[in-house]
Amino acid sequence: MFLFISFALLFLNVAFLILKLVAPYSEMMNSFKTVNGFWKAQAACLAFVLLFVFLHFSGEERAKWHTSPDYVSDGNLYLGDEKGSIEYNSFVMEEENFETNLILPEKAVGADKVRLLFTHDGRGKKAPIALPHSREKEQPVTLWFPDSGKWRMDIEINGSVHSSVVLPVKEK
């Protein structure tokens, strides 16, 4: 939304600059009291464009850290979506083994190299886990998280990330 607003303001900026070049004495240009008023309006409009672009990209980065949506399937609670999810029937605690099932994307079934990459809420990473060659979508895994907070688990298939699951890890 912010990006759309910034493009609209940028279009308005460019339109007024073209109008200033093509028809500097038109009724539209005469609406500015002084020449300085025109340039102040242009600078203000450009400042808002930059502000909205910044807001768009900063919000996009934080959206990566929203806890993944949950759903119920066959009596089990899962975090994630059809691209990849994790069985979440109990809380994940820091410094404890968490045995669960991972639902892989369709592309991961039969893929040569599938890894799980872990990132702690922007502050650090954990060594990736390589999954064995799988013929099924459901894969049992044992996870261990050294710190509490939000963790993002990226499912990497043959070198590119296909899905992410953000899960909360509770303190002991």
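Tutor: Patches are made of residues with over 30% relative accessible area and no salt bridge, and nonpolar side chains are joined within 5 Å. Please keep in mind that the model is predicted.

Student: Which residues make the nonpolar surface patch of about 820 Å², and which helix gives the largest share?

Tutor: The patch is made by Phe 7, Leu 10, Val 14, Ile 18, Leu 21, Val 22, Leu 46 and Leu 50. Helix H1 and helix H3, which covers residues 35-63, each supply at least two residues of this patch. The largest share, six residues, comes from H1.

Student: Is Ser 6 buried or exposed?

Tutor: Ser 6 is found in helix H1, which covers residues 2-22, and when its neighbours within four places in sequence are left aside, Ser 6 is in contact with Val 49, Phe 52 and Val 53. The relative accessible area of Ser 6 is 1%, and the cut-off for a buried residue is under 20%. Because its value falls under that cut-off, Ser 6 counts as buried.

Student: Is Val 22 buried or exposed?

Tutor: Val 22 also has its place in helix H1, and its relative accessibility is 66%. Since the term exposed applies over 50%, Val 22 counts as exposed.

Student: Which residue of E8 is the bridge partner of Ile 103?

Tutor: Strand E5, residues 97-103, pairs with E8 in the antiparallel sense over seven bridges. Within this pairing, the partner of Ile 103 in E8 is Glu 138.

Student: Which residue takes a positive phi in the hairpin of E1 and E2?

Tutor: E1 and strand E2, residues 76-81, run antiparallel and are joined by four bridges, with Leu 77 in E2 as the bridge partner of Val 72. The hairpin has two residues between the strands, and the residue there with a positive phi near 55 degrees is Asp 74.

Student: In the sheet with the order E4-E10-E9-E6-E7, why is E9 described as largely enclosed by the rest of the structure?

Tutor: This open sheet has five strands and mixed pairing, with strand E4 (92-93) and strand E7 (124-131) as its edge strands. E9 is largely enclosed by the rest of the structure because of the count of its buried residues, which is seven of the nine.

Student: Which residue takes a positive phi in the hairpin of E9 and E10?

Tutor: E9 and strand E10, residues 160-170, run antiparallel and are joined by nine bridges. Their hairpin has two residues between the strands, and the residue there with a positive phi near 50 degrees is Asn 158.

How values were computed: Residues numbered from 1 in each chain as written. Predicted model: local features only at pLDDT ≥ 70, side-chain atom pairs only at ≥ 80, totals over all residues. Heavy atoms only, no water. Pairing = 2+ DSSP bridges. Buried < 20%, exposed > 50% of the residue type's maximum accessible area, 1.4 Å probe, protein only. Contact = heavy atoms within 4.5 Å. Patch = residues over 30% accessible without salt bridge, like charges linked within 9 Å, V, L, I, M, F, W, Y side chains within 5 Å. Areas by Shrake-Rupley, 256 points an atom, 1.4 Å probe, with all protein chains shown as cover. Salt bridge = Lys/Arg side-chain N within 4 Å of Asp/Glu carboxyl O.
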